[in-house]
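Work through the following exercises with the sequence and the model at hand. Each task is followed by a solution in steps.

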Amino acid sequence: MTTTPSSAPEPTGAATRRRFLAVSTVAAGGVALAACGGSSGGGGGTKDSTLPGIGNNGKIGGGRRGDAADQLFLAGFQFSPPTNFNTFAGAPAWPAANNVAQYVYETLLRFDIVSGELKPGLAADYKVDGTSSVSLTLQDGVTWSDGTALTADDVLYTFQLGKIDPTLTVASFWVEADDITASGDTITVAINQDRKNVDMILQQLAVQFILPKAVFEKVAAETGNKLASWETTELLGSGPYTLEKADQTQIILARNEKYWGQKFYGGLPAPTKIIHPIFKSNEDGNLKFQNGELDVMQQFVPQIWKMWESGKPVGTYLKDKPYYVPGSMPMFIFNTTRGALADPAVRRAVAFAIDYASIAETAMSGYSGDVQASLIIPGGAEDKWFDGDRAKADGWSFDATKAEKTLTDAGYVKGSDGIYAKDGQRLGPWKLITPQGWTDWNAALEIVAKNLKAIGIDAATNFPQQAQVTTSVANGDFDMCCWYVSGTNPATPWQRFSDVMSNVELAPLGQTAFRNYGRWTNDQVNDLLEAAAAAPDDGSKKQALTALDDVYRQQAPAIPLMYRPDEFFEFNASNWTNFPTQANDDAPPMFRGAGNDWLFKIKKIEG
């Protein structure tokens, strides 16, 4: 199975797509979608370029008939039979995993990955008071799907769970917040004044599902405050759908006809049901998708353009490469405690040695734009922080000659074996690791290893199992690795700088690190991170982020290998149109956060 790496796990502990896709064993095979009602209109299409949000070739399908015409078939999140819908479990089933989809549970705010905007959710609005507090006002008339009111008490209790059970990932809220209180429907978060990190507070408010106090209070009592141990096959949320059925073949969500948000969204979502078939592999899902038996999907499709070139009404947000909105940045991380890898000249030489275009085309199937020498993703939500001129002037790009010159200028001399060395310290042998089966990352590291050998660095790949790599990276037991850091969210690029460069609570070798896996040290970076976090306005924040990026380019503790989508958003306009595209951008192409917007905007093709 081709797995899909994701952005770093969110601070609230969202189950990542990497975790979902790494689990491929299922008890049943592909699902017969026609059994869900009606027959498929097929994967072919007729030309109708007047309609928005259709295939990249301007084609649409003929629609489905029967009950299935009103249903949305979606895949790419669940690859094993669902057994537990506890959102705090280690691997909760879709859609209970935090920050995956707001179809059953919802958040106070919703992040738009294209604009960077924080949109209203359960909260109608929010206000930031400098670096002291964030206040929110709940929407009118919010209810749980059983008809009971969702109140400020539910919101407060959700975040208090991080104190009731400090092992829960919601406990990270209390790193940035001192208190959360309510007056009527207005909720106020007091920001920790030692950290003053407004963006990380907003990040938490945008990703933490709000949970029913009445349910989780009982769970806390029954489990002795060990909430992650609870097992449940039920869901009670505030969202536009409820859990109807879950078995070995599929998960079915039914539209909540009494959904509180009808006035806010302008009606109910278009599909009466959302059906997630459970396939054995990406390949099974890709085939169903190509044939129009899936409407929208989140998974890696090699050379997706071949689908619309063959006449299928398949579309992506961007019509041309890289087809998807960039949202994550897999990093090539150096263990700076290992010999010559402590030398920034060696690390910068490696940066010049890597053929990024080859990685984008070969490993990423063309889904990555030009990689820049920056920890900020150009384009989309992070673009306003990016300084392209500085990245070009002070950074790097693929240039093998300059890579070797960087080494020789630093005093390294190539030996008779073709490998550079200095003061008896040879550049290698070093292992480049990432998990076995993460095929695009495996391919990327094969390219890097070849590039390094070509300039006189002794390097080879090694792909252990995921659990082993996770432990090795966290404990500092590696030479170089490909690993993930924060994807685009309300707290990036700050959170990504922290992930790569923070020297706060730097973990000793052999102990678990949660950031700065390469144990890189620097006297300036913590002050710069504090200044960026507590910046009172965008101008001050950009100045601090630019200074961080300058230090990053000088030292190169890690190197971005590619840009990836935060989520792969692919649609097949066989039964529905008006999907989000760059030309039809009234909704972002995403499943989490503000991604529920498009559910209210797609339009059925009459079969």
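**Exercise 1.** Determine what share of the contacts in the chain with a separation of 6 or more comes from residues 24 or more positions apart.

Solution. Count a contact where heavy atoms lie within 4.5 Å. Among pairs with a separation of 6 or more, residues 24 or more positions apart account for 72% of the contacts. This is a predicted model, in which local features need pLDDT of at least 70, side-chain atom pairs count only at pLDDT 80 or more, and totals for chains, interfaces and linings use all residues. Residues are numbered from 1 along each chain as its sequence is written, and side-chain values use heavy atoms, with hydrogens and water left out.

**Exercise 2.** Compare the radius of gyration of the chain with that of a compact globule.

Solution. Take the radius over C-alpha atoms, and for the globule use 2.2 Å times the number of residues to the power 0.38. For 607 residues the rule gives a value near 25 Å; the chain has 24 Å, which agrees. The C-alpha trace spans about 75 × 60 × 45 Å along its principal axes. Of the 607 residues, 60% count as buried, where buried means under 20% relative accessible area, exposed over 50% and partly exposed in between, with a 1.4 Å probe and protein chains only.

**Exercise 3.** Describe the pairing of strand 16 and the directions of its side chains.

Solution. Helices (H or I, at least four residues) and strands (E, at least two) are DSSP runs, numbered from the N terminus. Two strands pair if DSSP finds at least two bridges between them.

- Strand 16 (residues 331–334) runs antiparallel to strand 22 (residues 480–483), with four bridges joining them; F332 stands opposite C482.
- Three bridges pair strand 16 with strand 23 (residues 558–560), also in the antiparallel sense; here the bridge partner of M331 is P560.
- In a regular strand the side chains alternate between the two faces of the sheet.
- M331 and I333 point one way and F332 and F334 the other way, and all are buried.
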